[in-house]
Amino acid sequence: MVAMIQEVTTKPVPYKLASRLHHPSPSVVSVRDRKIGDGSVTVMAGPCSVESRDQIIEIAQALKQAGANLLRGGAFKPRSSPYSFQGLGETGLKFMAEAREATGLPIVSEVMDIENLPMACEYVDMIQIGARNMQNYPLLRAVGKTTKPVLLKRGLSATIEEWLMSAEYILSEGNPNVVLCERGIRTFETATRNTLDLNAIPVVKHLSHLPIIIDPSHGTGVARYVSAMSMAAIAAGADGLILEAHQSPETALSDGQQSITPDEFAELMQRIDILTRAVNVKEGVTIG
Ligand code: PEP
Ligand code: MN
């Protein structure tokens, strides 16, 4: 018996606006004059936490000198223990803004709640939604109502589809400026803090038009592994990296074990410069 095909149905994607089906060309997200997703590699770097004015300005200058494109630094920290350093709050954002003045680097910082969002928007160029808040739907809707670029980290145990649906919350409120960030997921492996899922790069590129950057600092949790995974991410087609760097990782108030020094960062940038030419991205990183 020959079966007749009566009708062809395609399963509707639950993330229509984030999907490549409805938006075939890649999105480019501008953060001040930096374009993410245009074929270049964007490197964001900075300490896990803003600790003082001098600390953030000094590291920002060193990172800028080595070729960083954006400055990261947490002012509101989602710490596992309530007794750990929680960040400097608005004061930290003021110091970040001063570091931007000093270097010209746009700034990205995490916002953990709706309450602090309008205040944070006064300072930052890009809002980071942390892994723990990837499914905080009211917060996603609130950033979706702003026009700020959003760096949406993947949740610790979120599937790629769930992550894209979180992006959809932001897009559906009218903010098209979403950049995805893979930062490692929880697996049975204990040799590293997380398992950096580089599969996410080609999968996201296939399913979505949104840019994707990689965070090998949280992805490995170990400074000595950061360089290798940064290179792997770029070779796999990532639109950029976000790296934790600290002038004195051993005394850092958070995530020192995974933070690289300015010298290590500069060396990595030289390697990335060579790699980007080899894999033929639009332009190499700009050193100096
Ligand atoms: C951070 O960037 O310091 C951070 C807390 O990241 P994540 O949300 O990925 O853990
Ligand atoms: Mn951190």
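View 1. At 8% relative accessibility, His 218 counts as buried (buried means under 20% relative accessible area, exposed over 50% and partly exposed in between, with a 1.4 Å probe and protein chains only). This is a predicted model, in which local features need pLDDT of at least 70, side-chain atom pairs count only at pLDDT 80 or more, and totals for chains, interfaces and linings use all residues. Residues are numbered from 1 along each chain as its sequence is written, chains are lettered from A and ligands numbered from 1 in the order in which they are written, and side-chain values use heavy atoms, with hydrogens and water left out. His 218 gives its NE2 atom to the manganese ion (ligand 2), and a polar side-chain atom of His 218 also lies 3.2 Å from an oxygen atom of ligand 1.

**View 2. The manganese site.** Which residues coordinate the manganese ion (ligand 2)? They are Cys 48 (SG), His 218 (NE2), Glu 244 (OE) and Asp 255 (OD), at 2.1 to 2.4 Å. Donors here are N, O and S atoms within 2.8 Å of the metal (3.2 Å for Na, K and Ca); water is not among the atoms, so sites may look incomplete. Along the sequence, the spacing of these donor residues reads C-x169-H-x25-E-x10-D. Cys 48 sits in the loop between strand 3 (42-46) and helix 1 (53-66), while His 218 belongs to helix 7 (residues 216-220), 170 residues away. Helices (H or I, at least four residues) and strands (E, at least two) are DSSP runs, numbered from the N terminus. Cys 48 is buried too, with a relative accessible area of 3%.

**View 3. The surroundings of ligand 1.** Arg 72 places a polar side-chain atom 2.7 Å from an oxygen atom of ligand 1, and for Lys 153 the corresponding distance is 2.9 Å. Polar contacts are pairs of N or O atoms within 3.5 Å; within protein, one must be able to donate a hydrogen and the other to accept it, and residues adjacent in sequence count only if both atoms are side-chain atoms.

**View 4. Cysteines without a partner.** How many disulfides does a search of the whole structure find? The count is zero, a disulfide being a pair of cysteine sulfur atoms within 2.5 Å. For Cys 121, the nearest cysteine sulfur is that of Cys 181, 19 Å away. Cys 121 is buried at 17% relative accessibility. Cys 181, in strand 8 (residues 178-182), is buried at 0%.
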